[in-house]
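Subject: Structure handover

Hello,

Here is the structure I said I would pass on. Please open it alongside this note and follow along.

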Amino acid sequence: MPKVLVVVPDKCTGCNRCVLACSLKHFNVMNPAFSGIYVVRIDHEPVDAPIFCSQCGLCINVCPVNAISRDPKTGAVVVDRDKCTGCGNCVAVCPIGAMTLDPEKKKAVKCDLCGGDPACIKVCPEDALKFVDAREAVFYKRFFTARLQRKELVPFKPYPRRR
Amino acid sequence: MKWYGYMGKILRVDLSKKKVSVEDLKPEWAKLYLGGAGFGARILWNEMKGGVDPLSPENILVASTGPLTGTLVPSSGSIFYQFKSPLTGAWGEARSGGKFGPMLKFAGFDMIIITGKADEPVYLYVEDGSAEIRSAKHLWGKTVHETTDILLEEVGRPEASVACIGPAGEKLVKFSAIMNDYDRAAGRCGGGAVMGSKNLKAIVVFGEKSIVPAKPDKFFEDALEAHEAMKKYVFREILGMLGTIGLVNALNAAGALPTMNFKTTYFPEADSMSGDMLAEKYLVKRRACFGCTIGCGRYSWVPDGKYPTPLHEGPEYETSDMLGVQSLLTDLEAVVRANYLCNNYGLDTISTGNVIAFAIEAFERGYITEEDTGGLKLRWGDPDVILTLVDAIAKREGFGDVLAEGVKKAAEKIGKGADEFAVHVKGLEVPAHDPRGESRNFVIQYAVTPRGACHMHPNWAGAYDFIPLDNGLREFGLPWPPPDKYAEVGVKRGIAYRLLALHGELAESLGICRFPLWGSEDSCLTPKRLARLYSSLTGIEVTGKDLLVAAERAWNLKRAFNIREGFDRRHDTLPKRLLEPVTTGPAKGQAVIKFDELLDEAYEAFGWDKKTGYITRKKLEELGLADVADELAKIGKIA
């Protein structure tokens, strides 16, 4: 059974170590623009969130050159960068912003689960990222989805005044 | 030349001529000065003359990163500024975290050298290897948060990083800070005023260039090893979970919490100002700087009540003590608010807290009256006094204008012997670590640190005998076990302090935070571990000892800078207040007694002349700095 990469809500401190490890492992450089995981920090709001592919596979069908496929071993959706033409269809269709084009060759970059041994979880100081079995993953996934339906705390004044 | 770890490019900005140019990094500089403050020290020595007015166009502002900045090395999110300090007239430097340093490297530069003065407000926009000077007329007078908001929208890069000054920097408040990523402060020495004097409101950086390691697999392996070491970091609980403000209760319990303008080192109500209180009531989440495994940053707010405060980062330990405990405050909400105001105005919370506590004491003694303060009664423990004075200092209004000059000048202006309780060294306000209660290492550190009294530059000297920790320095000759924290002479303090200082200089030059330096062989970034990381990252093979030699080069260059500015042993002092006995608490009765002997020991270890405080030619030549020795000889200031 393939393992699943999940995020534990609220744990991320926004340190970007996962981002550095990802680009280092895949491209031998350290550069957020070459990473399959991206940490978004929202100013004036308590949000630090790692964004990465959920391996849904929506991008597979929109690729005109069949450069995207599912790795049967890991279940990861992977890009063949030799075939990729950089059309950007996959970026357009990705619902969560997990697919990107690198700034140099303008080809698709995404999480491939490092072939089943993700580098990002090794450098996360908060254990905010987990690589777990499907049955454990579903708990975190439901937790994550439930948070989208959270009622805001009242009074919610994240940025009440500027001076 | 292909650079690894380094970006290999320097951005030079002449604001007077409105010109930007790109230079190559000199290959031989890497091994000699490593980067960061080491580069800055060499540049300021080479390109500035002695005696320059710090607020004139002749002052140079260097914003530098090190080779490890922005990499997978733990706590790599640093930016270092070097300049001549308008507060002290001496060597000025300040460090900040956040992501500005890494982003500067992703934009393709190791550092920016800024000279001259713009004829009207400008900001610098740096993106992917190029830069331009743009008008900042619309930003002048705006706060740090406003400026950052506007600039991020204006440049159209929401992921860019902004370093800017607030109204305090514009008004040339002598201890104004350079702020980046909203709430991260390069606070000390008045870098904000230097930017203000150059009419430079902000620097915005964005880039998508890569930091390339020489041996990617080896570097990844070394970084993972360092990551594992940092999992055992001894301050993980206190700094990570409670933030630096977690030190309030810890230091108070040891009788080392500076209180009431350093009259004592114990505050019975410290818990009301502690990290536990912050976590319980106002902390929203923890926020780490780029690449950090510790994550000491706080993201906090005060949602309602008398002092409502928006979400922002802080307060730190220094802020809680200097703006709170020093004035006997017991209301943490007011400190969170004061911290927010200081961040937003661009003020150093340490110096601000120090001058305010000084003013309250001066008022209490009757040296100043309501006539001087514009009707404000300065009382201990009154939150509104703090908040009013923060406002007045940032805007230089009324009495705030006196305090905005720093505690040394304010004491001179007030006269009547007010300098007796003005707690500073070389004009830099003493921070919230006390040599009497915490460790006598601070006696040496406060006296000799190039920028004046500082607890963090070059290193937290208390780690050695207060905790105690060896920081992996035993193999380089650190005396072990450490002496009693109150012991003064005859316990090899000079030898120990030299190594602690060089280890700290190493962090400043390599471009990382100094928090991960403290621990034992297997739980921190020791010189050996740093050498391994530096070697596989840059492809330049070095040992821990090589690194410490480079660090000593920077340490002595900064000293040489100060000597050129006219500083010598006479300026390596402690304020009178720190020589007086502590009045209450566990450290009651503790005082610094053998100051001169302690300083002698330190000079001896550094290779400096005991009589004058000048560096010996032997030391400089040993470090390959013969040219510096020649320069100093020309003005007759070498031993």
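Start with the open sheet in chain B, which has six strands in the order S8-S7-S12-S9-S10-S11. Its pairing is mixed. Strand S8 (130-135) and S11 of chain B take the edges. Each has a single partner strand, so one side of each is left without a neighbour in the sheet. From one strand to the next, the twist averages 20 degrees. Keep in mind that this is a predicted model.

Inside that sheet, look at strand S9 (residues 161-164) and strand S10 (residues 178-180) of chain B. The two run antiparallel and are joined by two bridges. B:Cys164 stands opposite B:Met179, which belongs to S10(B).

Now the chain as a whole. Chain B holds 26 helices and 17 strands. It has 639 residues, and 70% of them count as buried. Along its principal axes, the C-alpha trace of chain B spans about 65 × 60 × 50 Å.

A search of the whole structure turns up five cavities of 30 Å³ or more. The largest cavity contains about 900 Å³ of space. It is lined by 46 residues. The closest to its centre are B:Arg95, B:Arg184, B:Ala185, B:Glu316 and B:Phe515. Which elements of chain B give two or more residues to this lining? They are strand S5 (91-96), strand S11 (184-186), helix H11 (317-324), helix H12 (332-345) and helix H13 (349-364).

Helix H20 (residues 493-510) of chain B is worth a check on its geometry. How far apart should the ends of its 18 residues be? At 1.5 Å a residue, the helix should span 26 Å. Its end C-alpha atoms are 26 Å apart, which agrees. H20(B) is also mostly covered, with 16 of its 18 residues buried. B:Gly511 follows H20(B) and has a positive phi, near 95 degrees.

There are two cis peptide bonds to look at in chain B. One runs from B:His457 to B:Pro458, with omega near 0 degrees. B:Pro458 sits in the loop between helix H18 (441-448) and helix H19 (463-466) of chain B. The other runs from B:Ile467 to B:Pro468, with omega near -5 degrees. B:Pro468 lies in the loop between H19 and H20 of chain B.

Last, chain A. Its loop between strand S1 (4-7) and helix H1 (17-27) contains A:Asp10. A:Asn16 is found in the loop between S1 and H1 too. Neither is glycine, yet phi is positive in each: near 75 degrees for A:Asp10, and near 70 degrees for A:Asn16. Are these residues buried or exposed? A:Asp10 has 60% relative accessibility; exposed means over 50%, so A:Asp10 counts as exposed. A:Asn16 has 13%, and buried means under 20%, so A:Asn16 counts as buried.

Over to you.

Best wishes

Methods:
Residues numbered from 1 in each chain as written. Chains lettered and ligands numbered in written order. Predicted model: local features only at pLDDT ≥ 70, side-chain atom pairs only at ≥ 80, totals over all residues. Heavy atoms only, no water. Helix = DSSP H or I, 4+ residues; strand = E, 2+ residues; numbered from the N terminus. Expected span 1.5 Å × (residues − 1). Buried < 20%, exposed > 50% of the residue type's maximum accessible area, 1.4 Å probe, protein only. 1 Å grid on protein atoms, 1.4 Å probe; cavity = no way out; pocket = protein on both sides within 12 Å on 5 of 7 lines; lining within 4 Å. Points joined across faces, edges and corners; volume = space filled by probe spheres on them. Pairing = 2+ DSSP bridges. Axes fitted to C-alpha atoms, helices over the stretch in contact; angles between N-to-C directions.
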